[in-house]
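I opened my notebook for a first look around this structure. Come along and check each entry against the picture.

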Amino acid sequence: MKKRWAARLLCAAMSLCALTAGAGAAPADGVVTLKADRAGQELAVTLGVNDVTFNVIELYVAYDKTRLTPSPELTEYLQPAYDAFMSPEGWMTGSEAVDAENGVVRYLLMAQGEAGGSALDSEGFFTAGSTEVKLLRMRFTVKDGAALYADSIKLGKSAGAVNGVVIATKDDDGIDNAGAVRIDMGAAAESGLTPGGTGEGYFGKKPGADTGDGSGSGPSGGGTGGSTEKPSDPVKPNDPAGAVNFSDTGSHWAKSSIETLVSRGIVNGYADGTFRPEASLTRAEFAAVLARAKDLKLEDTKESVFTDCAGTWSAKYVNAVYQAGYVNGTGGSLFSPDKNITREEIVTIIARAGSLPAGDASAFSDAPQISPWAAAGVGAASKAGIVNGYPDGTFRPKADVLRGEMAKMVVTMLG
């Protein structure tokens, strides 16, 4: 039971801590496989597992940033996603964080669902047998003229996972050795190791480094990796729009919406004078934005119905939007506050908050990729003009929402 408890601590902390396997952790040989396939300028890397019973996998995937760029829709999750209200038949939740500066993607995959259900055992663990179970597929764009090598994809590392992988297993103290991961570049690699190597692939701040790591922790900070600075205090509601001249929004398409929300005290910028409209934002950060936008009553407390929000700055905002019926958790009494909010999540929440009539999402060419629980919200938001698709006809439901996009959506919702 200690392993189970430790694993759930990891789930609750999300991106704030890592589970460390005990000194007696049994070595493993390729229980996780990363298999790469290339088609033209796209590199697809599929993550699969076999011969392991687990409830948490934390994995760091390093990519050669001189040759590869993460696609806008980086990750396609291949197992049914669990949502206590919308998709109780699912069993897995996943989140990713991209450290573009160091060329590393951090994945946190959790077995979450109804214990004893069709996928999980009575203790909430998932078993992958000898036949590989594919969990997700990540996609990268190969830069023009770039050749790929055997180490263009490899294990990264972090301060909490020095070997690049941590697996909470049922039958031992966990796995944290690099031998647990097998990387197969196959025909995608044109030759052996990259001349000169591709660096350490270290996620976030290296020990002794001067730069910060982690995500902004203020109510409307954004992005993963990079600076840990908090946004400045919100602009007072009676400040006229445009009174704050952010250094990075002058020519941005969402400039007017950003200024509108700033003038109402709903969002704010950073101490360095930026707004960072192209940075992503988390579920907790959007909860704070929505609570302000809807002028919800906030209780001065750090207690929360969600175990992973208790004691955090976001508790009062998450409590408010939950009590208003705008948001749900991600299962197992969790809200996943530090997970980047996706396009399908945010429009579902906005549809509830705006009491929008149902719409049809089938016009989008990637409609089959929209989660069943989000289809009505995507259709409603599209019908109301709150969100549009991309020029190629897609909606990209699993893509992260950017701060500029969020500003436009909220302003449209408010009317």
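Are Y63 and F140 buried or exposed? I looked up both, and Y63 and F140 are each buried, where buried means under 20% relative accessible area, exposed over 50% and partly exposed in between, with a 1.4 Å probe and protein chains only.

**Ground rules.** I am reading a predicted model, in which local features need pLDDT of at least 70, side-chain atom pairs count only at pLDDT 80 or more, and totals for chains, interfaces and linings use all residues. Residues are numbered from 1 along each chain as its sequence is written, and side-chain values use heavy atoms, leaving out hydrogens and water.

**Aromatic pairs.** I used this rule: rings of Phe, Tyr and Trp (its six-membered ring) pair if their centres lie within 6.5 Å, and planes under 30 degrees apart count as stacked, over 60 as edge-to-face and the rest as tilted. The count by this rule is 9 aromatic pairs. In one of them, F54 and W91 have ring centres 6.4 Å apart and planes at 65°, so I noted the pair as edge-to-face. F54 belongs to strand β3 and W91 to the loop between β4 and β5 (92–99), so this pair ties together parts 37 residues apart in sequence. Both F54 and W91 are buried. Y63 and F140 make a tilted pair, 5.2 Å centre to centre with 45° between the planes. Y63 is in strand β3 and F140 in strand β8 (residues 133–142), so parts 77 residues apart in sequence are tied together. I also found F54, W91 and F126 in one aromatic cluster.

**Strands.** Two strands pair if DSSP finds at least two bridges between them. I traced an open sheet of 5 strands in the order β4-β8-β2-β1-β11, with mixed pairing. β4 (68–77) and β11 (181–184) are at the edges with a single partner strand each, so one side of each has no neighbour in the sheet. Strand β1 (residues 32–39) runs parallel to β11, joined by 4 bridges, and the bridge partner of K35 in β11 is D184.

Next I turned to β10 (residues 165–169): 5 of its 5 residues are buried, so the strand is largely enclosed by the rest of the structure. V165, I167 and T169 are buried on one side, V166 and A168 on the other. Strand β3 (residues 52–63) pairs with β10 in the antiparallel sense over 5 bridges, and F54 has T169 as its bridge partner there.

**Salt bridges.** I counted 14 salt bridges, each a side-chain nitrogen of Lys or Arg within 4 Å of a carboxyl oxygen of Asp or Glu. E73 forms one with R396, the closest N and O atoms being 3.6 Å apart. E73 lies in strand β4 and R396 in the loop between α6 (375–383) and α7 (403–414), so the pair ties together parts 323 residues apart in sequence. At 23% relative accessibility E73 is partly exposed, while R396, at 17%, is buried.

Conventions:
Helix = DSSP H or I, 4+ residues; strand = E, 2+ residues; numbered from the N terminus.
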